[in-house]
Amino acid sequence: MEKLQIRSIYFKKLKGLSNINIEFKRPLTAIMGVNGAGKTTVIHALACIYSPDGNGENHRFPEFFVPNTDALWTGSEFHVVNEGEGKNKKREILPSRTYCKQYDRWSPRYDDRPKRNVYYIGIDSCLPEIEKETTQSRIRYTSNARLDKIAQKTLENAAYVLNKDYARLVDNEYHTKHFMGVSTRSGLTYSSLSMGTGEQRTIKIIEKVLNAEPYSLILIDEIDLLLHVCALRRMIETLYKIAEDRHLQIVFTTHSLEILSLERYVGLQYIDVINKADGSSVMVVYDKPNSDIIRNLSGESSVPIQIYVEDDYSKAIVKSLVRKHSMSSKVSISRFGAASNAFTYAAGQVMAKKNLENVLVVLDGDVYRTDEDKEAQMKKVYSGTEEDIEVHRARALSCITQYKLPEETAPEEFIYNLLISCGKDNEIVACALSICAVDDKHKLISEICYQLQEEMDTLIAQIVPLIEEQEAWKEYISPIDAWLKSREGI
């Protein structure tokens with residue numbers, strides 16, 4: 001078995017991480033969460049699970065988990081699931097491997113770890129070279145332009161990320177030391193001794209990724225450090241292209257909410273620590289969170305009713321229903337992203353013993369359609385052996401509802417079909433009829449938004465009066481409409 005890629009890591013207990021599962025579905029995975037959530041612990045654990053297969057780095061647990069007076073790490077345990085390529089060239093999910101420290105030593109033995117090259121880029125890579133240099137006398141180094149292919153690709157990518165007019169990458173040698181340097185088309189030449197730390201780290205990251213062997217694992221702690229927003233976006237785009245081309249996996253931690261707008265390139269894993277009423281805490285992981293859900297994880301809303309929806313499309317529909325019931329001042333509407341987040345969020349609120357009487361979590365209705373589907377997903381995200389756990393799961397499920405969507409129909413397709421069959425002479429209807437084909441039926445409404453240059457909530461507010469008399473629409477929105485009606489007096 002070779003060409004390994006990690007698919008998941010389940011932490012039973014490691015430092016502050018407890019009973020959570022992190023998944024790696026994309027070439028790039030961002031580990032997010034507030035300070036102390038355990039983001040860096042994930043990166044450090046990943047650094048130690050493989051044995052180098054050639055030029056890779058050989059990291060060991062004591063490097064990151066140093067035994068000390070307060071922590072010997074005894075009892076630490078986590079499980080890793082890899083995917084590999086067998087002799088028949090087919091990708092296969094491999095049995096889970098357990099890593100733990102029961103007594104004095106970590107197991108399995110380092111020689112028994114799977115073979116895969118790993119490269120770790122820590123926060124110390126932000127330290128300017130000038131701060132590492134102890135001499136106070138003049139540094140006379142010799143400079144040689146680097147003309148190898150990796151140097152040229154590094155320079156091209158770094159120039160794009162940082163918007164610099166680089167001409168060449170330079171190696172500066174001083175005694176036995178080597179300092180990176182650059183020259184620009186405008187005639188400026190300088191080494192890393194006088195280079196900005198963000199610039200220095202960007203070049204280092206790109207060069208290390210380009211040098212990595214295919215199927216390597218690259219780990220980057222705090223990728224957004226010292227990068228402005230535009231540079232960060234370009235860095236993510238660049239790393240994605242390299243990772244796709246070379247079958248790399250890049251896992252990084254970040255605090256930047258800018259990453260939430262880069263789902264095209266990055267798989268997100270947001271770690272949330274929920275403080276329970278009894279003083280204990282539990283951890284949950286959100287898949288594809290967004291700014292709405294993150295803002296609401298720890299704060300209390302100033303309005304009495306909270307409704308959570310999957311996306312902007314659903315948010316616009318719920319907003320139109322809220323206006324119909326004259327409840328705009330009483331209701332906050334937030335997005336939770338992927339459908340699986342509905343169950344994670346509801347479970348988290350139950351764990352924290354929050355009042356869910358006026359909380360509604362709305363699914364689009366195209367997945368988790370049956371009660372059995374919902375119960376299975378709730379068991380997956382709300383596991384454990386605590387007393388009355390079935391009661392708690394049922395309470396979490398009680399605040400989850402969905403639109404009554406016909407089977408095998410995308411939500412946007414359903415609205416689109418109602419719109420073109422409404423028989424109204426209207427600019428929106430005419431636009432809908434002009435759309436001959438889209439590559440994804442979920443884009444049918446957003447395509448109308450694009451052509452008419454309208455925001456989603458504005459467009460839905462205009463569509464609803466055109467279709468609201470159709471029985472199919474009334475049936476579709478009935479669960480949310482009835483729930484709102486029952487709370488009009490609040």
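**Entry 1**

I looked up Glu85 first, and it counts as buried at 9% relative accessibility. Buried means under 20% relative accessible area, exposed means over 50%, and partly exposed is in between (1.4 Å probe, protein chains only). The model is predicted: local features need pLDDT of at least 70, side-chain atom pairs count only at pLDDT 80 or more, and totals for chains, interfaces and linings use all residues. Residues are numbered from 1 along each chain as its sequence is written, and side-chain values use heavy atoms, with hydrogens and water left out.

Next I checked the partner of Glu85. Lys89 forms a salt bridge with Glu85, and the closest N and O atoms are 3.9 Å apart. A salt bridge here is a side-chain nitrogen of Lys or Arg within 4 Å of a carboxyl oxygen of Asp or Glu. Is Lys89 buried or exposed? Lys89 is exposed, with a relative accessible area of 57%.

**Entry 2: more salt bridges**

I found 17 salt bridges in the structure. I picked Glu237 and Lys241, whose closest N and O atoms are 3.1 Å apart. The two residues are separated by about one helical turn, because they sit 4 residues apart in helix 6 (residues 229-246). An α-helix has 3.6 residues a turn, so residues three or four places apart point the same way. Glu237 counts as buried, at 18% relative accessibility. Shared partners also join salt bridges into one network of Lys3, Glu85 and Lys89.

Helices and strands are DSSP runs numbered from the N terminus: helices are H or I with at least four residues, strands are E with at least two.

Then I turned to Arg146 and Glu207. Their salt bridge has its closest N and O atoms 2.5 Å apart. This pair links distant parts of the chain: Arg146 is in strand 9 (residues 142-146), Glu207 is in helix 5, and they are 61 residues apart. Both Arg146 and Glu207 are buried.

**Entry 3: backbone checks**

I looked for a cis peptide bond and found one joining Ser107 and Pro108, with omega about 5°. Pro108 lies in the loop between strand 7 (106-107) and strand 8.

Which value of phi does Asn163 have? Phi of Asn163 is near 55°, which is positive in a residue other than glycine. Asn163 is in the loop between helix 4 (149-162) and strand 10 (166-174). Asn163 counts as exposed, at 62% relative accessibility.

Tyr215 also has a positive phi, near 70°, and is not a glycine. I located Tyr215 in the loop between helix 5 (197-211) and strand 13 (217-220). Tyr215 counts as buried, at 15% relative accessibility.

**Entry 4: helix 12**

How many of the 10 residues of helix 12 are buried? I got 8 of the 10 for helix 12 (residues 411-420), so this helix is largely enclosed by the rest of the structure. Among the buried ones are Phe414, Ile415 and Tyr416. The cover on these buried residues includes helix 8 (312-324), helix 13 (427-434), helix 14 (444-452), helix 15 (456-467) and helix 16 (471-485).

**Entry 5: surface patches**

I searched the surface for patches. They are made of residues with over 30% relative accessible area and no salt bridge; like charges are joined within 9 Å, and nonpolar side chains (Val, Leu, Ile, Met, Phe, Trp, Tyr) within 5 Å. Asp371, Glu372, Asp373 and Glu375 form a negative patch. Glu372 sits in helix 10 (residues 371-381). Glu372 is exposed, with a relative accessible area of 55%.

A nonpolar patch is formed by Ile123, Leu225 and Leu226, with about 240 Å² of accessible area together. Accessible areas come from the Shrake-Rupley method with a 1.4 Å probe; for residues, only the protein chains shown count as cover. Ile123 is in the loop between strand 8 (118-121) and helix 3 (129-132). Ile123 is partly exposed, at 42% relative accessible area.

**Entry 6: the whole chain**

I ended with the totals. The chain has 16 helices and 20 strands. Of its 490 residues, 52% are buried. The C-alpha trace spans about 80 × 60 × 50 Å along its principal axes. Contact means heavy atoms within 4.5 Å. Among contacts with a separation of 6 or more, 71% are between residues 24 or more positions apart.

Conventions
Lys, Arg positive; Asp, Glu negative; His and termini not counted. Charge placed at Lys NZ, Arg CZ, Asp CG, Glu CD.
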